[in-house]
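Thanks, everyone. Let's go through a few residues in this model. Have the structure open.

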Amino acid sequence: MRSNETNGEVWDAVLIGGGAAGLSAAVALGRAGRKIVVVDDDSPRNAPAEQVHAFLTRDGMPPAELLLLGRAEASGYGAKLLDGRAISLSWRGEEPGFVIGLDDGADLVTRAVLVSTGLRDELPDIPGLRERWGKDVLHCPYCHGFEVRDQPIGLLGGGDPDLSVAHAQLIRQWSNDLVYFPGGLELTGEHRNSLAARDIRVVDGEVARVVTVEDRLRGLELTDGRAVPRRALFVTPRMTPHDELLRAIGCDIDETGYVTVDSLGATSVPGVFAAGNVADFFAQVINAAAAGNAAGAGINRYLVELDVAAARAKFRPEQPFSAALEQLAHRVLHGDDGHGL
């Protein structure tokens, strides 16, 4: 659908982001009979990955195929799918709701909004690394550890030393041959002892590049010329949520830097919801889908509250002793209706 097909429409909800969270919310709201549109610019975070894992009944499915099925389901329940990118979110004015500005200059008017725009992974600036991202350069062992189990694996250290070492201990579950590259992290004696206790080898020094042969990762080369053969490499990217719209409308942000939401995805701004990686960096695809489903229920409940308030404002209950009732009673009592008492 093109944005010029939405002129004059007031949507029940606009869902910004058409990944697992947004499409799951679209299905929930479509089944509730809501008039909704999904705005998506087709840039999913997991696009580099070949398969989705740990998703019940969909394990091993290519991410693009999963989204294709999700779009078909959402469309089947009446959701409109709009290609584009939302660049602004503001209050509608006197009426409850919001105006969403699109990158083509059009506006969408809606009573409620879900932001499920995900996050971006900022990777270490190491030659050859980004090209292997999602293939044999990985992040989450629960998503991809099984596929590289029992192989020679490396882990690039980064961020907080305690968390980075804990990440190494986690990845050790999938391989007995794990090499930890701390890079510039300063490890304590306790860090090194805990790694050594589980036979995790520490290789100090700066990584110069990722070595690839015949479209496969083969190892890491250090700046001092040493080469460490590896078949898979885990990294801890810096994850930055695409939350510009949420911040612009004034949603509360917690100490971790992510928008605060309740169990149904509601933010601190009434009518604005968030789900998926934009609100939870740890969420895998199946978690994002579940959060989207919950947000769909939360949005529908919010809309019901608006519907009730609007109905109550117009409702004028008939008084039990109105003039019309008194006239009817008089006619019955005095036989004016032809029957009498």
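Thr 57 is in the loop between strand S2 (36-40) and helix H2 (63-76). Helices here are DSSP runs of H or I with at least four residues, strands are E runs of at least two, and both are numbered from the N terminus. This is a predicted model: local features need pLDDT of at least 70, side-chain atom pairs count only at pLDDT 80 or more, and totals for chains, interfaces and linings use all residues. Residues are numbered from 1 along each chain as its sequence is written, and side-chain values use heavy atoms, with hydrogens and water left out.

Back to Thr 57. Its phi is positive, about 75°, although Thr 57 is not a glycine. Most residues other than glycine have a negative phi. Thr 57 counts as exposed, at 64% relative accessibility. The cut-offs, with a 1.4 Å probe and protein chains only: buried is under 20% relative accessible area, exposed is over 50%, partly exposed is in between.

Next, Asp 199. It is found in the loop between helix H5 (189-197) and strand S11 (201-202). Asp 199 is not a glycine either, and its phi is positive, near 60°. Asp 199 counts as exposed, at 58% relative accessibility.

Last, Ser 164. Helix H4 (residues 161-171) holds it. Buried or exposed, Ser 164? Buried, with a relative accessible area of 3%. What does Ser 164 touch, leaving out residues up to four places away in sequence? Leu 155, Gly 157, Gly 158, Tyr 180 and Leu 185. Touching means heavy atoms within 4.5 Å. At Gly 158, the backbone nitrogen lies 3.4 Å from a polar atom of the Ser 164 side chain.

Conventions: A polar contact is a pair of N or O atoms within 3.5 Å; within protein, one must be able to donate a hydrogen and the other to accept it, and residues adjacent in sequence count only if both atoms are side-chain atoms.
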